[in-house]
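Please keep the structure open while you read.

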Amino acid sequence: MKALLLSLALLLSASAFAQTDSFYLLKPARVFDGEELHSDWVVLVHGATIEQAGPMRFKLPANTRVIELPGATLLPGLIEGHSHLFLHPYNETSGNDQVLRESRAERTARAVGHARATLMAGFTTVRDLGTEGAAYDDAGLKKAIEKGVVPGPRMIIATRAIVARGAYGPSYGNPDLDLPQGAAEISGTAEMEREVRTQVSKGADLIKVYADYRAGLGGTAVPTLSVEEMKTAVVTARSLGRPVVAHASTNEGMLRAIEAGVRTIEHGDEATFETLLLMRNRDIALCPTLAAGDATSQYAGWKKGSDPEPARITAKRASFGLALRAGVPICMGGDVGVFAHGDNARELELMVDYGMKPLQVLRSATSVNADVFGWGDRIGRIRKGLLADLIAVDGDPSVTIGAVRNIRLVLKNGVVYRQ
């Protein structure tokens, strides 16, 4: 109850600020505009949009409120590229038990808290890639955020996601059980087309397919959808103005997804250099989700910092290095939900640890994600006319990426949610 009252107070105060201060001038020590760093910029916000950005060479409106941000860096609101707001960390409750033992009402209540934590951490937009058994409740949460019922990031949603029949879970190896599943099951192109149309009708902004999964003997990852099934998804979704993204960890699963024409590939653990070059040449982006493997390895007993790296982590570090060498467009997305919402910065820190420069990582989390997700004309940069999704952090994250955790200010659509 206390948390609910706090959220309501936050919303009311934010709305009042937005209405009574129609112009604000933000004066940080430096501005990262989504592409480059500037030391002499200010940013003027008017309502929901950016009115001016650059050196102070314009006249201020009479009612402008000035917000001094000494020592701080102003950035576009960060964009989480791979989120599951309806999941919570697997070391609290397994994925299977979340689907089978937690009611959708409980999962939605949790998701409201997750959305608020994400926004307060400076992530003003999330691409949420599947409710994992919570049906189309992401569409309801998205609408509640848009209406101002609860605070949260802008949501780009996949609703249920799509898997090959019999390839996903929950499953306890008992053929007598017909269990609820964490995604929509299909078999064949006709069912794929029907499911894509259904998910779009329920509010999906994109379609997520599982090109492979741990359905092989002994739980090994194997391709599960055919090229034809995924092509059907791409053609159907494209006709409805939606992209398709693919979970793919095996090289063969990635090749099938590439041939089908997906927009992004999630994970990409076993990619060869040749496959990554093919992605680059076809402008298919990779969302490597480094933080998910880091988290699950620790749940399994790895004592990071004292134990040697598990083989899985070493292999992931190597595959990420191949992707950098190949020049694949790289999105920032951590598969958050596997680990705690609000700790999204963990992925940015690992991207630097695995070989990216901090400035490259900041681009991935802002302008690159915005462009890849089809939102580059609205968010992801600090530019006149774009939405006023802005955050300020203490320090310089282009030097020390961990500075993105030092949140001083969060605006979404020009509304101040944290100051």
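N251 sits in helix 7, which covers residues 251-260; helices here are DSSP runs of H or I with at least four residues, strands are DSSP runs of E with at least two, and both are numbered from the N terminus. The model is a predicted one, in which local features need pLDDT of at least 70 and side-chain atom pairs count only at pLDDT 80 or more, while totals for chains, interfaces and linings use all residues. Residues are numbered from 1 along each chain as its sequence is written, and side-chain values use heavy atoms, with hydrogens and water left out.

Is N251 buried or exposed? N251 counts as buried because its relative accessibility is 18%; buried means under 20% relative accessible area, exposed means over 50%, and partly exposed lies in between, with a 1.4 Å probe and protein chains only. Leaving aside neighbours within four places in sequence, N251 is in contact with E270, A271, T272 and T275, where contact means heavy atoms within 4.5 Å. Its side chain also reaches the backbone nitrogen of T272, at 3.0 Å.

T159 belongs to the loop between strand 8 and strand 9. With 0% relative accessibility, T159 counts as buried. Not counting residues up to four places away in sequence, T159 touches G130, T131, A135, Y136, D138, Q199, G203 and A204. With Q199 there is also a polar contact of 3.1 Å between the two side chains. A polar contact is a pair of N or O atoms within 3.5 Å; within protein, one must be able to donate a hydrogen and the other to accept it, and residues adjacent in sequence count only if both atoms are side-chain atoms. From T159 to F339 the separation is 180 residues in sequence and 20 Å in space, C-alpha to C-alpha.

**Backbone details in the loops**

The loop that holds T159 also holds A161. A161 has a positive phi of about 70 degrees although it is not a glycine, and A161 is buried, with a relative accessible area of 1%. T289, in the loop between strand 16 (285-287) and helix 9, is another residue other than glycine with a positive phi, near 50 degrees. T289 counts as buried at 5% relative accessibility. Elsewhere, the peptide bond from G169 to P170 is cis, with omega near 10 degrees; P170 lies in the loop between strand 9 (162-164) and strand 10 (184-186).

Strand 1 (residues 23-32) is mostly covered, with eight of its 10 residues buried. Strands of a sheet pair through backbone hydrogen bonds, either parallel or antiparallel. Two strands are taken to pair if DSSP finds at least two bridges between them.

| Partner of strand 1 | Sense | Bridges |
|---|---|---|
| Strand 2 (residues 37-38) | antiparallel | two bridges |
| Strand 3 (residues 42-46) | antiparallel | four bridges |
| Strand 5 (residues 65-76) | parallel | seven bridges |

Y24 stands opposite V45 in strand 3, and its bridge partner in strand 5 is R65. V31 stands opposite H38 in strand 2. Strand 1 and strand 2 form a hairpin with four residues between them, and G34 in the turn has a positive phi of about 105 degrees.

Another set of strands makes an open sheet of three in the order 6-7-8, with parallel pairing. The edge strands are strand 6 (78-83) and strand 8, each pairing on one side only. The twist averages 20 degrees from one strand to the next. Strand 6 and strand 7 (residues 123-128) run parallel, joined by four bridges, and S83 has D128 as its bridge partner in strand 7.

**Two helices side by side**

How do helix 9 and helix 10 run relative to each other, and at what angle do they pack? Helix 9 (residues 290-299) and helix 10 (residues 311-326) pack at about 170 degrees, with their axes 10 Å apart; axes are lines fitted to C-alpha atoms, for helices over the stretch in contact, and angles run from 0 to 180 degrees between N-to-C directions. The two helices are therefore roughly antiparallel to each other; angles over 145 degrees count as roughly antiparallel, under 35 as roughly parallel, 65 to 115 as roughly perpendicular and the rest as oblique. L290, G293, D294, T296 and S297 in helix 9 meet R312, I313, K316 and F320 in helix 10.
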